[in-house]
Amino acid sequence: MPYQNSGIVGNVVEKDYEVLGPVSISGKHHNVLGIIGWGGIGYNDLLDKAKELYPEADAVINIIEDVSSFSVAIFYNNFGVDMSGLAIRYIDNTEDYSVNFTVNTSE
């Protein structure tokens, strides 16, 4: 669910990564009486799937999350989650950015 102010947002320059391909996962989160919960999926699960499909994957971008829910009064809830995105590999730039400093000690 894309939100305008949803946390940390980084600007990745297109030339700094290579798109490897699509990746998607599905899962469910269960909850009983609002106290006991289990299951669910998140970004790390999506990244693990990306690394399984593309061993050189470094991250997943353009993530889309689709959520569905089912409830039985207040006793039981489950939320189905489908996540998908693009697996990417960062390109290593081997350019040298060395900086030489000269200290002037004369006054």
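**Note on the predicted model**

1. Start with the core. The largest nonpolar core has 12 residues. They are Leu-20, Val-23, Ile-25, Leu-46, Leu-47, Ala-50, Tyr-54, Ala-57, Val-60, Val-81, Met-83 and Ala-87. Strand E1 (17-32), helix H1 (43-53) and strand E4 (76-90) each give two or more residues to this core. In soluble globular proteins, nonpolar side chains tend to be buried together.

2. Look next at Ala-50, a member of that core. Set aside its neighbours within four places in sequence. Ala-50 is then in contact with Val-23, Ala-57, Val-60 and Ala-87.

3. The mean pLDDT of the chain is 78. A pLDDT of 70 or more is reached by 72% of the residues. Where pLDDT is low, the predicted coordinates should not be read in detail.

4. Now the overall layout. The chain has 1 helix and 4 strands. Along the sequence, the pattern reads β-β-α-β-β. Take the contacts between residues at least 6 apart in sequence: 62% of them join residues at least 24 apart.

5. Of the 107 residues in the chain, 22% are buried.

6. One part of the surface deserves a look. Leu-33, Ile-35, Ile-36, Trp-38, Phe-70, Val-72, Ile-74 and Phe-75 make a nonpolar surface patch of about 880 Å². Strand E2 (36-39) and strand E3 (59-72) each give two or more residues to the patch.

7. Take Phe-70 from that patch. Phe-70 is found in strand E3. Is Phe-70 buried or partly exposed? Its relative accessible area is 45%, so Phe-70 counts as partly exposed.

8. Check the backbone at two places. Most residues other than glycine have a negative phi. Asn-62, in strand E3, has a positive phi of about 50 degrees. Ala-73, in the loop between E3 and E4, has a positive phi near 50 degrees. Neither residue is a glycine.

9. Are these two residues buried or exposed? Asn-62 has 55% relative accessibility, so it counts as exposed. Ala-73 has 58%, so Ala-73 counts as exposed too. The cut-off for exposed is over 50%.

How values were computed:
Residues are numbered from 1 along each chain as its sequence is written. This is a predicted model: local features need pLDDT of at least 70, side-chain atom pairs count only at pLDDT 80 or more; totals for chains, interfaces and linings use all residues. Side-chain values use heavy atoms; hydrogens and water are left out. A nonpolar core is a set of buried Ala, Val, Leu, Ile, Met, Phe, Trp, Tyr and Cys residues joined through side-chain atoms within 4.5 Å. Buried means under 20% relative accessible area, exposed over 50%, partly exposed in between (1.4 Å probe, protein chains only). Contact means heavy atoms within 4.5 Å. Patches are made of residues with over 30% relative accessible area and no salt bridge: like charges are joined within 9 Å, nonpolar side chains (Val, Leu, Ile, Met, Phe, Trp, Tyr) within 5 Å. Accessible areas come from the Shrake-Rupley method with a 1.4 Å probe; for residues, only the protein chains shown count as cover. A salt bridge is a side-chain nitrogen of Lys or Arg within 4 Å of a carboxyl oxygen of Asp or Glu. pLDDT is the predictor's confidence in each residue, from 0 to 100.
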